[in-house]
Amino acid sequence: MEFELKKLSAQAVPAALERAERYRLLNEPVQAESICLDILAVESNNQQALVCLLLALSEQFGENITEKLDRAWSILPKLEDEYPQAYYQGILLERQARLYMRSDAPGSNFSAYDLFREAMRLYERAERLRPPGNDEALLRWNTCARTITTANLEPRPLEDFRPILE
C-alpha cells in the first residue's frame with residue numbers, strides 16, 4: 001500500500017526541528033528521523049535537519065546497522081562546512097565502536113579500539129577547524145580516550161593479522 005505523504009509548510013520548519021530534537025532526547029529516533037525527512041522534503045539543505053537525521057540514524061545502529069550506517073554516511077557530504085563533516089564522521093565511528101564493545105564476536109574489542117582511534121583522529125581534525133568557544137570535539141576525544149582506557153581496549157596484535165589465502 002502506498003501513501004502520499006503530507007507536506008510540511010515552510011513556516012512549520014522551526015517548530016518541527018524542535019520536535020525532532022525532543023524525540024531524539026526521548027530516545028525515539030524513528031520519530032525524529034521521520035520529522036527530519038519531512039523537513040528535508042521542504043528545505044533539502046536544512047543543516048539542522050541533516051545533522052538531526054544523521055544522529056537519529058546513528059541512534060538506530062543496533063537495528064539493521066548496514067542500512068542505517070549507509071544512510072548516515074550519505075548525509076555527511078551534504079554538511080556545508082568541514083568542521084561538522086569531521087565531527088559527525090567521528091560520532092558515526094564512535095557509535096560503531098560502542099556496538100563492537102557490546103558484541104561477543106571474536107576480535108570485536110580490537111575493532112572497537114580501531115574505530116575509537118579513527119574517531120579520535122577525526123575529533124582532532126574537527127578541533128583544529130572548530131569555531132571559537134566550541135570544544136565539543138575535545139570533549140568527544142576525551143570520552144573516547146577514557147573508554148579505551150576503562151575498557152582496556154588494545155590494538156590488534158600483529159601476530160593476529162593473517163594473510164588472505166586464495
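Glu82 and Arg125 pair in a salt bridge with an N to O distance of 2.7 Å; the term denotes a side-chain nitrogen of Lys or Arg within 4 Å of a carboxyl oxygen of Asp or Glu. By this rule the count is 13 salt bridges. The model is predicted: local features need pLDDT of at least 70, side-chain atom pairs count only at pLDDT 80 or more, and totals for chains, interfaces and linings use all residues. Residues are numbered from 1 along each chain as its sequence is written, and side-chain values use heavy atoms, with hydrogens and water left out.

**Glu82 and Arg125**
- The two residues are 43 apart and link distant parts of the chain, Glu82 lying in helix α5 (residues 82-102) and Arg125 in helix α6 (residues 108-129).
- Helices are DSSP runs (H or I, at least four residues), numbered from the N terminus.
- Glu82 is partly exposed at 42% relative accessible area, and Arg125 is partly exposed at 29%.
- Partly exposed lies between buried (under 20% relative accessible area) and exposed (over 50%), with a 1.4 Å probe and protein chains only.

**Arg24 and Glu59**
- The closest N and O atoms of the Arg24 and Glu59 salt bridge are 2.5 Å apart.
- Arg24 sits in helix α1 (residues 13-25) and Glu59 in the loop between α3 (47-58) and α4 (65-75), 35 residues apart.
- Arg24 is buried at 14% relative accessible area, whereas Glu59 is partly exposed at 27%.

**Glu118 and Arg121**
- Glu118 and Arg121 form a salt bridge whose closest N and O atoms are 2.4 Å apart.
- Both belong to helix α6, and their separation of 3 residues amounts to about one helical turn.
- Glu118 has a relative accessible area of 30%, and Arg121 has 42%.
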